[in-house]
Amino acid sequence: MRGSLPNGEMNALPFLNKCYIEIMGPKDSVKIVMQSLPDINDGKGASYGDETSIGRSTPFKTYSQSDNRTVGWTAHYMITKESDVSTLWNYIRAIQAATYPFDGRDGSLNGSPYAPPPICRLQCGDLLSKNGPLNAVMKSYSIKFDTSVPWHEETFLPYKFDIDMQFDIVYDQSYLPNASKILQD
C-alpha cells in the first residue's frame, strides 16, 4: 500500500477510523482521529504485602491494592493539504482543554462552578480493549513544535508534529475490572 496519493496527500489507512480519542463535553464531543498509527503504551501496577508464618521459608503474598492503569499515547500528525491546518488546530485545542475542569456556571453541570475534567474515550482497534473504547482522564499532554521542519506561514503550525498524552483509565463502579474479565476479553 502506498503512503501517499499521486497528488501528494497522505493515503489514509482504512482502519484509522477505529483509532481515535474522543473527548466528551457536557453538551458535545470532539473526535480526534489518528492520521497514522500512534505509539501506545499500557501499564498497571499492583501492590502485594508479605505475610509471614512459622515454619515457612518464604512469606505469603497477599494482594493489597492496585495502581491506576495508565496509557501513554503519542499521536503523529502532518499537514498534507490546506484543510488539515484548521482540523489539526482544533485537535490541539481539544487536547489542551481536556486537562482542565469544566465551568459549570453555564448550567450544564447542575450549577456546580467546577467539575472534574472531561472523560476521554480511547480506541485503537483491540489494543486496549475488545469491548469498545476505554474511559480515561487525561493527566498530561506535551506538544513539541519542532523547528527542523517547515511551518505553516500564517499559523506557525509545523508541517509535522507529535502530541504525547498520558491517561489514567477510569471505570464505572458497576464494572470494575478483575482478572477473570480481563482474561475473557
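Biologist: How many residues does helix α1 have, and what span does it reach?
Modeller: In this predicted model, α1 covers residues 82-97, which is 16 residues. From its first C-alpha to its last it reaches 24 Å, close to the 22 Å expected at 1.5 Å a residue.

Biologist: Which residues of α1 are buried?
Modeller: They are Asp-84, Val-85, Leu-88, Trp-89, Tyr-91, Ile-92, Ala-94 and Ile-95.

Biologist: Why would residues three or four places apart point the same way?
Modeller: An α-helix has 3.6 residues a turn, so positions with that spacing point the same way.

Biologist: And what covers the buried residues of α1?
Modeller: The cover includes strands β1 (19-24), β2 (29-33) and β6 (70-78), along with β8 and β9.

Biologist: Switching topic. How many salt bridges are there in the whole structure?
Modeller: A search finds 5. One of them joins Asp-42 and Arg-69, with the closest N and O atoms 2.6 Å apart.

Biologist: Is Arg-69 buried or exposed?
Modeller: Arg-69 counts as buried because its relative accessibility is 13%, under the 20% cut-off. Asp-42, at 38%, counts as partly exposed.

Biologist: What does Lys-61 pair with?
Modeller: Lys-61 forms a salt bridge with Asp-50, and their closest N and O atoms are 2.6 Å apart. Lys-61 lies in strand β5 and Asp-50 in strand β4, so the pair ties together parts 11 residues apart in sequence. Lys-61 is exposed at 58%, while Asp-50 is partly exposed at 46%.

Biologist: Which residue does Lys-139 meet in a salt bridge?
Modeller: Asp-168, at 3.7 Å from N to O. This pair links strand β8 to strand β9, across 29 residues. Lys-139 is exposed, with a relative accessible area of 54%, but Asp-168 is buried at 11%.

Biologist: Now the surface. Which residues make the nonpolar patch?
Modeller: Phe-145, Trp-151 and Phe-156 make it, and its area is about 300 Å². Trp-151 is in the loop between β8 and β9, and Phe-156 lies in the loop between β8 and β9 too. Trp-151 is partly exposed at 31%, and Phe-156 is exposed at 55%.

Biologist: What is the phi of Phe-156?
Modeller: It is near 65°, a positive value in a residue other than glycine.

Biologist: Last one: which element has the lowest mean pLDDT?
Modeller: Helix α2 (residues 179-184), at 57, whereas β9 has the highest, at 96. The chain averages 84, and 78% of the residues score at least 70.

Technical notes. Residues numbered from 1 in each chain as written. Predicted model: local features only at pLDDT ≥ 70, side-chain atom pairs only at ≥ 80, totals over all residues. Heavy atoms only, no water. Helix = DSSP H or I, 4+ residues; strand = E, 2+ residues; numbered from the N terminus. Buried < 20%, exposed > 50% of the residue type's maximum accessible area, 1.4 Å probe, protein only. Expected span 1.5 Å × (residues − 1). Contact = heavy atoms within 4.5 Å. Patch = residues over 30% accessible without salt bridge, like charges linked within 9 Å, V, L, I, M, F, W, Y side chains within 5 Å. Areas by Shrake-Rupley, 256 points an atom, 1.4 Å probe, with all protein chains shown as cover. Salt bridge = Lys/Arg side-chain N within 4 Å of Asp/Glu carboxyl O. pLDDT = per-residue confidence, 0-100.
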